[in-house]
Amino acid sequence: SGPRRVPAAARPMPPKAAAGGVDSEALKKEQAKLAAARFEKRAAEVREYLDTFVGQQVREGLQALAAERPSDPKGALAKVCQGKKSLGEIGKDPKTVDPALKSAAPRQYLHATIVPTLVPALAECFREQPRRPISDLGDILARGS
């Protein structure tokens, strides 16, 4: 007896045949491209809004926090945004006593202390787009601290 033949129904179908004539891999790649394009467009809108309305003040506030290392960085940034404290007054706040935070690089200090509260607060500002974004950001941070 010769080579055994596998019935057609048991053989794997090529991707085009499996999807009824449509190349499923090409379709997935096209959908991923479209999703990435939508994501990039939305990310650009968010960046533009934040850069326009809060970017400079938040950058300056983060620089002051990283330099001064207050024990309550969220509260300090909230008061600066609310207009209740100047950037220079952050230096008068009690300093952190945590040795790891004292010696951390600025970026690590900020990621450990303020970023977990700041990122959701910025997202809320973008969603709501308040008339006074900086003071509203301060209010959001004050609620979160």
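These legends describe views of a predicted model.

View 1. From the N terminus on, the elements run α-α-α-α-α-α-α. The chain has 145 residues, and 31% of them are buried. Take the contacts between residues at least 6 apart in sequence: 62% of these join residues at least 24 apart. The chain exposes about 9900 Å². Carbon and sulfur atoms supply 57% of that area.

**View 2. Helix α3 is largely enclosed by the rest of the structure.** The helix spans residues 73-82. Seven of its ten residues are buried, so the rest of the structure largely encloses α3. Buried here means under 20% relative accessible area. The buried residues are Pro 73, Gly 75, Ala 76, Leu 77, Ala 78, Val 80 and Cys 81.

**View 3. The buried residues of α3 pack against α2, α5, α6 and α7.** These partners cover residues 24-68 for α2, 106-113 for α5, 115-128 for α6 and 133-144 for α7. After α3 comes Gly 83. The phi of Gly 83 is positive, near 85 degrees.

**View 4. The largest pocket has a volume of about 220 Å³.** Both α2 and α6 supply at least two residues of its lining. The largest share, eight residues, comes from α2. Lining residues include Arg 47, Asp 51, Gly 55 and Arg 59. By class, eight lining residues are nonpolar, one is polar and three are charged.

Methods:
Residues numbered from 1 in each chain as written. Predicted model: local features only at pLDDT ≥ 70, side-chain atom pairs only at ≥ 80, totals over all residues. Heavy atoms only, no water. Buried < 20%, exposed > 50% of the residue type's maximum accessible area, 1.4 Å probe, protein only. Helix = DSSP H or I, 4+ residues; strand = E, 2+ residues; numbered from the N terminus. Contact = heavy atoms within 4.5 Å. 1 Å grid on protein atoms, 1.4 Å probe; cavity = no way out; pocket = protein on both sides within 12 Å on 5 of 7 lines; lining within 4 Å. Points joined across faces, edges and corners; volume = space filled by probe spheres on them. Nonpolar A, V, L, I, M, F, W, Y, C, P; charged D, E, K, R; others polar. Areas by Shrake-Rupley, 256 points an atom, 1.4 Å probe, with all protein chains shown as cover.
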